[in-house]
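Work through these exercises with the model open beside you. Try each task before you read its solution.

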Amino acid sequence: SGSDKPTEPAGGYAAFQSAMLNRDADGVWLTLSSDTRALFADVLDTLRATDDMVDKLQPSDRIEARKAIGAELLDTVHTPKDLFHYIFSSENIPTEAGYRAGLRPKKIRIEDEHRAIVLTAAGEEIEMIQDEDELWRVRSPLHEQFAEAFAGMEENRAQLETAINLFGAATNEDAEIARLLGAESDAKPEDKKESANTDDADQ
């Protein structure tokens with residue numbers, strides 16, 4: 001089909017191609033299939049769940065654990081679209097003439113009524129699917145690439161869960177904080193003397 005409307009596979013790909021050529025990250029986000037966008041939501045949920053699990057660790061381990069899982073992202077990333085922008089900013093979209101020419105569609109192969117494959121001039125096969133709103137959007141290769149990139153985050157969550165199961169969660173947070181702050185070793189001599197007198201009086 002030569003249609004330029006996103007209700008047809010060709011139009012859906014044309015919208016994606018235009019967003020890429022114009023380095024429009026917001027436009028690229030809108031042309032991604034719902035399951036690709038849902039991937040970012042899943043990753044954000046995993047990161048939040050992992051961050052919650054960090055609170056079960058001893059206080060002395062929490063700062064390093066948060067750094068290890070990348071929880072600092074939650075300070076600025078609040079939505080799946082925020083996460084997309086963090087990873088796929090406009091600056092990361094190539095501008096080389098060869099790349100731009102390679103995006104040109106050479107052939108569109110209809111697989112079934114809801115799925116099509118765009119063969120680009122660069123030889124890539126990009127999967128298009130028709131979403132529930134009947135618009136055609138890009139699913140591949142972005143979906144597979146992002147899924148692979150985010151696999152490590154799920155692995156971090158699983159490892160943290162295993163560590164908590166093996167070593168247990170913090171059971172006495174106040175005692176641990178006191179130990180970290182050196183409450184006993186830093187106590188003033190008169191405080192210790194007063195404490196000793198109190199103990200003698202109790203006896």
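Predicted model: local features only at pLDDT ≥ 70, side-chain atom pairs only at ≥ 80, totals over all residues.

Residues are numbered from 1 along each chain as its sequence is written, and side-chain values use heavy atoms, with hydrogens and water left out.

**Exercise 1.** Work out the strand order of the open sheet and find its edge strands.

*Solution.* 
- Step 1: Know the terms. Helices (H or I, at least four residues) and strands (E, at least two) are DSSP runs, numbered from the N terminus. Two strands pair if DSSP finds at least two bridges between them.
- Step 2: Read the order. The four strands run β1-β2-β3-β4, and their pairing is antiparallel.
- Step 3: Find the edges. β1 (105–112) and β4 (136–138) each pair on one side only.
- Step 4: Check the pairs. β1 and β2 share six bridges, and two residues lie between them in a hairpin. Arginine 109 stands opposite isoleucine 117 in β2.
- Step 5: Move on to β3. Five bridges join β2 (residues 115–120) to β3 (residues 125–130). Leucine 119 has glutamate 125 in β3 as its bridge partner.

**Exercise 2.** Locate threonine 31 and decide: is it buried or exposed?

*Solution.* 
- Step 1: Locate the residue. Threonine 31 is in the loop between α2 (25–30) and α3 (34–54).
- Step 2: Apply the cut-offs. Buried means under 20% relative accessible area, exposed over 50%, partly exposed in between (1.4 Å probe, protein chains only). At 8%, threonine 31 is buried.
- Step 3: Look at its surroundings. Contact means heavy atoms within 4.5 Å. Leaving aside neighbours within four places in sequence, threonine 31 is in contact with Ala15, Phe16, Arg137 and Val138.

**Exercise 3.** Classify the ring pair of tyrosine 13 and phenylalanine 16, then that of tryptophan 29 and phenylalanine 40.

*Solution.* 
- Step 1: Learn the rule. Rings of Phe, Tyr and Trp (its six-membered ring) pair if their centres lie within 6.5 Å; planes under 30 degrees apart count as stacked, over 60 as edge-to-face and the rest as tilted.
- Step 2: Count. The whole structure holds five aromatic pairs.
- Step 3: Take tyrosine 13 and phenylalanine 16. Their centres are 5.9 Å apart with 50° between the planes, a tilted pair.
- Step 4: Take tryptophan 29 and phenylalanine 40. Their centres are 5.7 Å apart and their planes are at 70°, so this pair is edge-to-face.
- Step 5: Widen the view. Trp29, Phe40, Phe84 and Phe88 form one aromatic cluster.
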